[in-house]
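Dear colleague,

Here is the structure for you to look through. My notes on it follow below.

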Amino acid sequence: MTPTALYRLLAWLSPSYPIGAFSYSHGLEAAIDAGLVGDRDSLVAWVEGVLDHGTGRVDGALFAAAWRAAQAGDDAALDDVADLAAAWRGTAEMALEQRQQGASFLSITRTAWPDPRLDAVARRRDGQCALPVAVAMASAFGGVALELALTGYLHAFAANLCSAAVRAIPLGQSDGQRALAALAQAVDRAVAAALAVTSLDDVGTASPVLDWCSMRHETQYTRLFRS
């Protein structure tokens, strides 16, 4: 991967990239409110579960499939993955989280890093795209290698959950970074699992408590986050 491609990836996955990731906790705020997460160890266990059995497993597989379709120039396959990514959400807030961030990513990336292939996808899909698919196809078009792009994406996902915990538990900045460091192996496992998928028909989740927390969050009385 060239330094230019690496630069793109670092920019796209930076917390400063304006897609609104800071406003989502992916059900973590409800888990904190319910007493399921309250310190560094329970945070690490929670995010490991999400990566191993929940969104990390599904979005990793969707990311890899979208990257390969975009790399091959297979518009039909890319649209099929995008349709599945839009539908494959357990709750309304999970759907909002991926849809809004994906559309924002597609919009700002087309503005700051113009590419006619991104424009073509945006026209076909009316500017709507789930986040893992949007980042995957931008990475493929931008020359970012699949494994590195996927590692970066899942790291950014885990980092955003740690950042949400720092604000909501509250957890100190040092413990937040220790938690993120402890999640390195879980991210590696999620990447390996995604790369090993040969058919999206074989992918699923086993994270009912995550879905319960996400649904519970919709009516939570005090909320900092949108999910």
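Helices here are DSSP runs of H or I with at least four residues, numbered from the N terminus.

This is a predicted model, in which local features need pLDDT of at least 70 and side-chain atom pairs count only at pLDDT 80 or more, while totals for chains, interfaces and linings use all residues. Residues are numbered from 1 along each chain as its sequence is written, and side-chain values use heavy atoms, with hydrogens and water left out.

Helix α7 spans residues 116–124, and its L118, V121 and A122 are buried (under 20% relative accessible area, with a 1.4 Å probe and protein chains only). These residues cover an arc of only 100° around the axis, which puts them on the same side of α7; the arc is taken from the directions from the helix axis to the C-beta atoms. P116 and R123, on the other side of α7, are exposed (over 50%).

The structure also holds five aromatic pairs (ring centres of Phe, Tyr or Trp, for Trp the six-membered ring, within 6.5 Å; planes under 30 degrees apart are stacked, over 60 edge-to-face, the rest tilted). The W12 and F105 rings are edge-to-face, because their centres are 6.1 Å apart and their planes at 75°. W12 is in helix α1 (residues 3–12) and F105 in helix α6 (residues 92–112), 93 residues apart. Both W12 and F105 are buried.

Regards

Key
Helix = DSSP H or I, 4+ residues; strand = E, 2+ residues; numbered from the N terminus.
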